[in-house]
Amino acid sequence: MHMLALRPSARLPRAVCRQCRRALASQTRSKVFAEGDIVLLRDKNRPRNRGFLTKPLKPGVVVANHHGSIAHDGIIGKTIRDTIQTTKTEYRIHDPTLDEYVRLTPRIVTPIYPDDASFIVNLLDIHDHLEAVSKALHVDGALAVFNPSITQIADAVRKIKELQLPLALETVVELKGSSTVREWDVRVAQLKAARKAANGTDVKAENEEDLDVDQDSAAESSEREASVAEQAVKEVETLEKTEQELEEQLETAGDGGWKLVCRPMTGLTHGALKMGEPKHLSGDKPAIEEFLGKFDTFLFDCDGKQLVFVTNNSTKSRADYKQKFDKLGIPAQVEEVFGSAYSAAVYISRILKLPAGKSKVFVLGESGIEQELRAENVPFIGGTDPNLRRDLQQSDFDAIADGSALDPEVGVVLAGLDFHVNYLKYSLAFAYLRKGALFLATNTDSTLPNAKTLFPGAGSVGAPLVTAIGKQPLSLGKPSQAMLDAVEGKFHFDRSRTCMVGDRLNTDIQFGIEGKLGGTLAVLTGHFSKMQRTSFTRIDPKRRADLDHRKRQFAAPKWREQEYKHRLNFYTLPPTAEITLEEFEEWAIARLKVLSELEACSFRNRSPEETASYMAPILEKHLPLNSNSSRSSQLDAERKKDHYSHFILRLAFSATEDLRRRFARLETALFRLRWRDDNASERRDFVDSLDMGGEWERVSDEEKKELGQDLINATAGFGKRAEEEGWFKVDWEKVPELVETRKVLIKRGVAYVPVREQSSLVVAEFTRRLDEALELTSRALPRLDEDDRLSPILSHLSNNFTAPDTTYSSDSSIDGLSAPTAASVDALSQHFPLCMQHLHRTLRQNSHLKHFGRLQYTLFLKGIGVSLEECLIFWRRSFKLITDEKFNKEYRYNVRHAYGDVGGDANRRGRGYTPYSCQKLTTEPLPGPGQTHGCPYRSFAPENLVSMLQQTGVNDQQTLKEVREDVKRQRYHIACNRVFEWKHKGEIKKVKDEGTWGAAEMDTILHPNEYFKRSFLLGHLGEENGSALKEGIRSQG
């Protein structure tokens, strides 16, 4: 396969019209329009308007449209650039060029793929149409002609010369399959025999047919082999010279044996076109300017130059994106947005030829798909149909099985991102697919980025159908080339002058590379970073890295299989096996809850025995870890979860020195707690398995006899049995706790530690190793900064270390309790946490709260069970200084929006906002002057905080002192829990003694609504959740 590249000649005829640049030398005003001609009408007063095409002219036909009434008889017989008057305006008549005819003719986009292009062009015999094709070219345009035979190239050049077309030969290349590209040289040559005859020399008998290139052509060949730099500088001159030489030589063709021949150029074979080495453009202004200058069209991932916004998000229509761009101040039109939902709608309506009676589409998706299908007049079912947003019943099974629940006109199943997907929708879609419906997908993205994290994407929604039906859908989003063909068909851009801009390598950048665009630009704001673009290596998941922490940071790895032989773990071996993102986050949160409760125990000065008793049910719930003697079938799973969760939190808490110290302290406390619970034999096996590298050394019997009396004196109360006990020698700096309590013998800088005090030795070694590992981890953290999968999770975990996050759920309400009313809020406020009591008191004093305070208090009331109607009544009565008109205009909507009664689809589907947790209140920006929202323990000065607590009845000086200390150390949720425990100390003691409340009911309070629930229940101990509590609410109201 050979390709001939032609460009418009620099020496165009002088007859070119500057106004429209379409009439060439061959076009004159002598043409008279006749019946059957198609003419171009352009508004005389708007010459730059693109105009419109008429239908073939026919006598007696009058066309009436928004342009006015146009009679064909008034056009027939006129010449080019004559005018015709309609009922509305005056139009000038033009003969349309091929370019104008192609652009202005309504048509259905029909992509032509490379495998078919050569065959189609060969059948068309493009050489016979060069004259018409040349009219469609711009002055600086280019024409690529595919020639199955190399001899056809010479025919094309001769054709151009004979017709005197304004085209010039630029490049001839040979496409050798998909591997190489070879350039050819086209020139005029003379037979040796003819040249000798012309010079009077005898002609040889063998009629030599070798071709000899003239000296001018040889000079031109040497010029082609010049350096790349010289060619770039003299490109224009060389092309003009080539044109002149070809013209002069062609004039002599056929005389004296001169012929136009083609031959391959040696040394100019190029490899197949591939993606080049990525180049980082940030901060390099010359490189950026050079890059922008290469392209005319930019395809932007939503997630003069011509801009086209291409997105895989099928939940929004083009009109939705237009509104979004308007809010962001980005000038864009609906036509410049090309989404996967629109791509699917166009494909179904214009390309698919669905049989009669099978024109409907069953939609798995949101309103964005429905809007685009509706705009293309495609009938559909499913989607946001509220009748499908329910559980599957047995009657549904029967109806789907017998076909009564199926629409016989469904011929396509279109899968997109569906926020309300359920088993009923899957069952219907599966049934349609089994009956022969086509399987299409708006896109196959596995994840959806939102709120600085990842959620399941459209590909994940369609995955169950792929598994069930056993085939992949036709994807109409990026990186599918069907989408690029549709985009090109609509916008008519030059692919070689088009750049794809996006943040996903596997969709956006692949979309541009596979589409053979001129370039791609990966931005570092989304799914991939600069580091990931140059390195895609992964560790074998079946291998484990064993690094010696005492050596340099990047020591050579040793590989060995991971095993969990012991319950205890020093966490020296990092895990490298694959786990899901859900496991990654869930396991880390479970360990975080355990560490937070351990920290709360230390803050409350609980003894080791009290801590062990309190933590036992919490550990069993969140992080169980059984011993080998338990013979549990879940040993490996439990130890794997413990192992991974430790390293995940190690990543989250290595960023700062404060986080590293806190994490090491709490992990040490957890290790000590587990050491105490382990049996002696398993502890001994674990210690023996440790590679201490000579740091521990057993004391021999001879040395024990030599130090006998000293060992006895060092272990007061142990008597002569000290000689019979095992001892270890270790550097005294490693056991500071034992040295402080004088439980060891120190001699020549060596501490002699009895086996019964071995725990201090092991715990100290655990702490030392963990501190060193955290330091190494902090050095590697920059590598994770731009990982969009893990960074949001790790950031969330580290932020929650201040006060672990807890999500509000319906469990925060009191079972069997009737909904509180607006009148009962004042009485219930005695059970509110301090933050809500402060808001309530301010509201009663000022009859007003600012926006953030209103929102925080409204969500709290919503969480304790106050209905929307009662909440509106409460706020209207509280804002008693304003009129009804002002309340309805300025405040009513905000309350309804918080409850999810108004707003967008997402707000209504999610039933509004959730009540704020302690974590949110203690990490949000501090309130400004006149504002009352947030956490008082964080925003109030210590003196003002103590004064407020005393107003609420907290007068115990020791409690107030401890609250001051907690606030000083930024332990705000601990201070709040301390106040709660003091207020309900009698009730808490009672439920503990009676055993009526478990560990879950006694966990640290992390949510204002949980505070209210516990306070109310403790305040009504002994009453039933039913009538007694209901009467209590009514009496308080």
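On the surface, Leu98, Tyr101 and Val102 make up a nonpolar patch whose accessible area is about 240 Å² together. Patches join residues with over 30% relative accessible area and no salt bridge, nonpolar side chains (Val, Leu, Ile, Met, Phe, Trp, Tyr) being linked within 5 Å and like charges within 9 Å; a salt bridge puts a side-chain nitrogen of Lys or Arg within 4 Å of a carboxyl oxygen of Asp or Glu. Areas follow the Shrake-Rupley method with a 1.4 Å probe, and for residues only the protein chains shown count as cover. Val102 belongs to helix α1 (residues 98-104) and is partly exposed at 40% relative accessible area.

The model is predicted: local features need pLDDT of at least 70, side-chain atom pairs count only at pLDDT 80 or more, and totals for chains, interfaces and linings use all residues. Residues are numbered from 1 along each chain as its sequence is written, and side-chain values use heavy atoms, without hydrogens and water.

The protein chain contains 43 helices and 30 strands, taken as DSSP runs (H or I, at least four residues; E, at least two) numbered from the N terminus. Of its 1037 residues, 44% are buried (under 20% relative accessible area; exposed is over 50%, partly exposed in between, with a 1.4 Å probe and protein chains only).

An open, parallel sheet has the strand order β17-β16-β18-β19-β22; strands pair if DSSP finds at least two bridges between them. Two helices pack there, with contact meaning heavy atoms within 4.5 Å and angles running from 0 to 180 degrees between N-to-C directions of axes fitted to C-alpha atoms, for helices over the stretch in contact.

| Helix | Strands contacted | Angle |
|---|---|---|
| α14 (residues 423-434) | β16, β17, β18, β19 | about 145° to β16 |
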